[in-house]
Amino acid sequence: PGRHKNDKVRHVCQSTKLLMLHIRDCPGTTSSGDICPFPWCRKTKHLLYHLISCRAPTSCQICSCPSLSNAMKDLIGLNAYRQKKMRENINLALTSSSMKREQKLSLKRKHVTKSTFSNAQNDILIGSSK
């Protein structure tokens, strides 16, 4: 990795790495509060964010563009996988929380039943001792 024999390929690879690192680390503004001076920064950030968060990638004009590169299509695939996993985790959490809620209700019912039974026994004992 990173050891390209062709100078042109090496330059493209290094430029792409620098671009991606800049996009990842750039807050969008300079330390003086000005907008990032690179014109591609904001547009690329928005495109990448869209590709990983689009809610309708199959019907979206950006995500389903026929001329979209394979790398961008891979991002869309990662988005679909991430959304699927997120839904699974939400369903798991909901199932888990509803099971915990049901267990608490069950314990409360048992406690109420036991305390009601104990109160009835006490009433009988108290009533019989009078």
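**Exercise 1.** Find what share of the chain's residues count as buried in this predicted model.

*Solution.* Start with the cut-off: a residue is buried when its relative accessible area is under 20%. Now apply this to the chain, which has 130 residues. Of these, 12% count as buried.

**Exercise 2.** Describe the secondary structure of the chain, and say which element has the highest mean pLDDT and which the lowest.

*Solution.* Let's begin with the elements: there are three helices and zero strands. Along the sequence they give the pattern α-α-α. Next, look at the confidence. Helix α1 (residues 7-25) has the highest mean pLDDT, 89, while α3 has the lowest, 71. For the chain, the mean is 78, and 82% of the residues reach 70 or more.

**Exercise 3.** Work out whether Asp7 is buried or exposed, and find its salt-bridge partner.

*Solution.* First, take the relative accessible area of Asp7, which is 55%. Exposed means over 50%, so Asp7 is exposed. Then look for the partner: the side chain of Asp7 meets that of Arg10 in a salt bridge, at 2.5 Å from N to O. Arg10, at 27% relative accessibility, is partly exposed.

Definitions and conventions
Residues numbered from 1 in each chain as written. Predicted model: local features only at pLDDT ≥ 70, side-chain atom pairs only at ≥ 80, totals over all residues. Heavy atoms only, no water. pLDDT = per-residue confidence, 0-100. Helix = DSSP H or I, 4+ residues; strand = E, 2+ residues; numbered from the N terminus. Buried < 20%, exposed > 50% of the residue type's maximum accessible area, 1.4 Å probe, protein only. Salt bridge = Lys/Arg side-chain N within 4 Å of Asp/Glu carboxyl O.
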